[in-house]
Amino acid sequence: MENCLFVYGTLLPGLAPPDVQPLVEQLQPIGPATTPGRLYDLGEYPGALFDPSTESRIVGYAFALPDDGPVLLEQFDAYEGYSPDNALQSLFVRVRQSVTLADGRVVVCWAYHYNQAVGQAPLVAGGDYARRRR
């Protein structure tokens, strides 16, 4: 699965802001997925710090990108505050991340890693932002 996107926060269907929802609707569902790391509650959105050495998991969803995936990714990059030309100053950076699907398969997807200090932000309980927002 070359072109997929792992989402865990405001890009999840039902949580996406109205201006981003049409982009999210173009994604093709693969299924629930998790990846090692910590998810922080930053107020209006979460921030994921992927970390293969931790036992804690970030809960999200894997989606296949449509044929025009690179164009769609550029639009998500803009939403996430990621500039490939200025990654050090970007709010998030888009990285390749191994995620585990509910059936145990591991796929490598694009995902957005938080690129700033989390300060005193609390952890999202269980790494599941969607459950927190219900």
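How many cavities of 30 Å³ or more does a search of the whole structure find? The search finds one. The model is predicted, so that local features need pLDDT of at least 70 and side-chain atom pairs count only at pLDDT 80 or more, while totals for chains, interfaces and linings use all residues. Residues are numbered from 1 along each chain as its sequence is written, and side-chain values use heavy atoms, with hydrogens and water left out.

**View A. The disulfide between cysteine 4 and cysteine 109.** One disulfide (a pair of cysteine sulfur atoms within 2.5 Å) is found in the whole structure, with an S to S distance of 2.3 Å between cysteine 4 and cysteine 109. The pair links distant parts of the chain, 105 residues apart, with cysteine 4 in strand 1 (residues 4-7) and cysteine 109 in strand 6 (residues 106-114); strands are DSSP runs of E, at least two residues long, numbered from the N terminus. The link is left-handed, with -100° about the S-S bond, and both cysteines are buried (under 20% relative accessible area, 1.4 Å probe, protein chains only).

**View B. Strand 1 and its pairing with strand 4.** Cys4 and Phe6 point one way from strand 1, Leu5 and Val7 point the other way, and all are buried. Strand 1 pairs with strand 4 (residues 57-64) in the antiparallel sense over four bridges, where pairing requires that DSSP finds at least two bridges between the strands. Phenylalanine 63 in strand 4 is the bridge partner of leucine 5.

Notes. Buried < 20%, exposed > 50% of the residue type's maximum accessible area, 1.4 Å probe, protein only. 1 Å grid on protein atoms, 1.4 Å probe; cavity = no way out; pocket = protein on both sides within 12 Å on 5 of 7 lines; lining within 4 Å. Points joined across faces, edges and corners; volume = space filled by probe spheres on them.
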